[in-house]
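Hi,

Here is the structure I promised to pass on.

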Amino acid sequence: MKCTIRKLANRNGNPGCENQKTAAMNSLLLDACPECDLLLKPAAPAIGEKAHCPRCGFMLQRPRKHSIEQTFALSIAGLILIIPANLMPLVGIKILSNLQDGTLWSGVVALMNENMWLVAILVFLSSMLFPLLNIILALLISAHLYLGRPHRKLALWMRLLQQLDEWSMLEVYMLGIIVACVKLSSIAEVKFGFGLYAFVALLVISAMLSSNLDRYSFWQHIDRLIKRGAA
Ligand SMILES: [Zn+2]
């Protein structure tokens, strides 16, 4: 389960000085652990530190430096790399001077031609569509946060990004390519195409994107932008 912060506040306090009222409400703001629902006072760990749930050990916060800027830059790089990674040859097999290239998409088509529809759909979703959506959503969210522009769908995009992150399985596909190359190298000459280098770079960028995205900070910024947009 991904991080869902629930803010609980006593909204029925006595009217009085605005600052005292705000301070009192802030003291009642609690975060719920996404794993065990333990209510906790919001932790404020420094950059490089981690905040864990004292009951189940779930990592609640791990602040990152310049997370929005880095996510913005990495998602642009990912969007550029995903085009050659999907459309250019990954691996070429040379048998008796006959070279045959294979792209990510041609692998999906080959599986469909073999009537392996379920596998073809899974490969298409986990290695092409979900990584693309992941990068587009990260770009949309970080661009809006970076530019300070509210959007009514920011929270929806963020929830989708958190869910899609689990379904993007580029590393599994990479493992499959390595195994196939090792097996084929004994019977044919294997040549690596430009698409493979782009795919490996995309894999690194995706891993950096996932680890640099400070979800707690993103949700705080989204909350502020939504409130500003509603005001
Ligand atoms: Zn917990």
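The crossing of α2 and α4 is left-handed, where left-handed means that the near helix is turned anticlockwise from the far one by less than a right angle. Keep in mind that this is a predicted model: local features need pLDDT of at least 70, side-chain atom pairs count only at pLDDT 80 or more, and totals for chains, interfaces and linings use all residues. Residue numbers start from 1 along each chain as its sequence is written.

Helix α2 covers residues 67-87 and α4 covers residues 117-147; they pack at about 150 degrees with axes 8 Å apart. Helices here are DSSP runs of H or I with at least four residues, strands are E runs of at least two, and both are numbered from the N terminus. Axes are lines fitted to C-alpha atoms, for helices over the stretch in contact, and angles run from 0 to 180 degrees between N-to-C directions. That angle makes α2 roughly antiparallel to α4 (over 145 degrees counts as roughly antiparallel). On the α2 side the contact includes F72, I76 and L79, and on the α4 side L132, I135 and L139 are among the residues involved; contact means C-beta atoms, placed from the backbone, within 7 Å. By class, that contact has 14 nonpolar, five polar and one charged residues (Ala, Val, Leu, Ile, Met, Phe, Trp, Tyr, Cys and Pro are nonpolar, Asp, Glu, Lys and Arg charged, the others, Gly among them, polar).

Next pair: the axes of α6 (residues 170-184) and α7 (residues 194-212) come within 10 Å and cross at roughly 150 degrees. So α6 is roughly antiparallel to α7, and the crossing is again left-handed. L170, E171 and M174 of α6 meet F199, L202, L203 and S206 of α7.

There is also an open sheet of three strands, ordered β6-β5-β7 with antiparallel pairing (a pair needs at least two DSSP bridges). β6 (98-102) and β7 (189-192) are the edge strands, and the twist averages 25 degrees from one strand to the next. Four bridges join β5 (residues 91-95) to β7, and K94 stands opposite E189 in β7.

On confidence, mean pLDDT (the predictor's confidence in each residue, from 0 to 100) is 80 for the protein, with 87% of residues at 70 or more. Helix α1 (residues 18-27) is lowest at a mean of 51, while α2 is highest at 92. Over residues 1-18 pLDDT stays under 50.

Cheers

Conventions
Angles under 35 degrees count as roughly parallel, over 145 as roughly antiparallel, 65 to 115 as roughly perpendicular and the rest as oblique. Two residues are in contact if their C-beta atoms, placed from the backbone, lie within 7 Å.
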